[in-house]
Amino acid sequence: MGYRIALDAMGGDHGPGEIVPAAIHALKKHRDLELLLVGLEDIIKPRLAHLNHELAVRIQVLHAPEVVTMDEAPSSALRNKKNSSMRFAIEQVKKGQAQACVSAGNTGALMAISRYILKMLPGIDRPAICTIIPGINSHTHILDLGANVDSSPEQLFQFAVMGAELTGAVENIRAPKVALLNVGTEENKGNDRVKKAKILLDRSHINFIGFVEGNHIYSGDADVIVCDGFVGNIALKASEGVVEFFLHHVTDGFQQNLYSKLAALVSKPILESIHRKTDPRRHNGASLLGLRGIVIKSHGSADRLSFAHAIEEAMLEVEKNIPARITSRLEVLLTSTLSR
């Protein structure tokens, strides 16, 4: 099948400087891919001037005169930036001109504009941000990572449904194992929302395995871990900080003297393997689940390698038709569970 993805070329900390090279990299790797770069023409087009014909015919530029800044309030971006690259890119999905949108821009603005333009799937109250976390045994999809700082039990249940459907599709798992992130694994632990969400999940046909604690996020025992956006975002950012802390001290330790430098040389293959597994760039591309369309949020600091991974995540979700899969299961599952 062919893929046509709209990119917010002005989003993120680096904008076209990294996004255009990422787009070119993705085009070279995937011959069935077409890209629509949305943003300031006079900045984007000169960066494409060197392309050969085979690549040039698969990439187009859509001029958008405004840019949503990284610190702009979502409400302001929604009301006042109607000609922004972010909004135009999302509108291409709504119009059927693109199958998905990828942006490294302002998360709150992307969420607000996506929800306004694309609307929510039936049975879903709010979108949720979902991404992959590498683990010891495998990897885990975790949501929500910041879209909703305060979620009801019903919304946590909806997140579980969406996360399970996404994971089952992209990982080819028939019944993904779903868990709720909590302060303990015992039945009596946690706040009322988490306890009530557990009741809903216990009654459902989801493969729910119960509560897990923060130290189980990386075990790989659960395929999907559900939490509200406040908890999820802190867990994600803390994890990224731990990785940076570890790599800093390992690198520093190996530079102490001649013997440590020799040890580093011997250990290089192992260190490179660890770096590949923990490098956030190689797991970039968070899904905004619950929308009537596919929107992928890239890290704001994404470089070309990282953003290229976000494009590939969009392609995968297009291939698996994630919104349609969620819709096809959700109504029956929600009705049967919430009516009990």
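Buried means under 20% relative accessible area, exposed means over 50%, and partly exposed is anything in between, using a 1.4 Å probe and protein chains only. Helices (H or I, at least four residues) and strands (E, at least two) are DSSP runs, numbered from the N terminus.

One note on the source before the tour. This is a predicted model, where local features need pLDDT of at least 70, side-chain atom pairs count only at pLDDT 80 or more, and totals for chains, interfaces and linings use all residues. Residues are numbered from 1 along each chain as its sequence is written, and side-chain values use heavy atoms, with hydrogens and water left out.

**Two helices**

Let's start with α8, which covers residues 192-203. On one side of this helix, Asp192 and Lys196 are exposed. The buried set is Val194, Ala197, Lys198, Leu200 and Leu201. Looking down the axis of α8, those buried residues fall within an arc of 165 degrees, so they line one face of the helix; the arc is taken from the directions between the helix axis and the C-beta atoms.

How far apart are the end C-alpha atoms of α8? They are 17 Å apart, which agrees with the 16 Å that its twelve residues should span at 1.5 Å a residue. The expected span here is 1.5 Å times one less than the number of residues in the helix.

At the start of α8, a side-chain oxygen of Asn191 comes to within 3.3 Å of the backbone nitrogen of Arg193.

At 1.5 Å a residue, α7 should span 27 Å, and its end C-alpha atoms are 26 Å apart, which agrees.

Most residues other than glycine have a negative phi, and most peptide bonds are trans. Against that background, the peptide bond from Leu143 to Asp144 is cis, with omega near 5 degrees. Asp144 is found in the loop between β6 (139-143) and α7 (153-171).

Lys119 has a positive phi, near 70 degrees. Lys119 belongs to the loop between α6 (107-118) and β5 (128-134), and at 40% relative accessibility it counts as partly exposed. Asn321 also has a positive phi, near 50 degrees. Its place is the loop between α11 (304-320) and α12 (322-338), and at 42% relative accessibility Asn321 counts as partly exposed.

**Rings and charges**

Charges over rings do turn up, though. The charged end of Lys119 sits over the ring of Tyr116, 4.8 Å from its centre. Lys198, one of the buried residues of α8, has its charged end over the ring of Phe211, 5.9 Å from the centre. The rule asks for NZ of Lys or CZ of Arg within 6 Å of the ring centre and within 35 degrees of the ring normal.

**Cysteines**

The whole structure has zero disulfides, a disulfide being a pair of cysteine sulfur atoms within 2.5 Å. For Cys130, the closest cysteine sulfur is in Cys227, 9.9 Å away and too far for a bond. Cys130 is buried at 1% relative accessibility, and Cys227 is buried at 4%.

**Distant in sequence**

Here are some residue pairs with their C-alpha separations.

| Pair | Apart along the chain | C-alpha to C-alpha |
|---|---|---|
| Asn80 and Glu66 | 14 residues | 9.8 Å |
| Val226 and His141 | 85 residues | 8.7 Å |
| Thr327 and Leu121 | 206 residues | 6.7 Å |

Asn80 is found in helix α4 (residues 74-80) and is partly exposed at 48% relative accessibility. Val226 sits in strand β9 (residues 224-226) and is buried, with a relative accessible area of 0%. Thr327 lies in helix α12 and counts as partly exposed at 31% relative accessibility.

Definitions and conventions: Polar contact = N/O pair within 3.5 Å; in protein donor to acceptor, adjacent residues only side chain to side chain.
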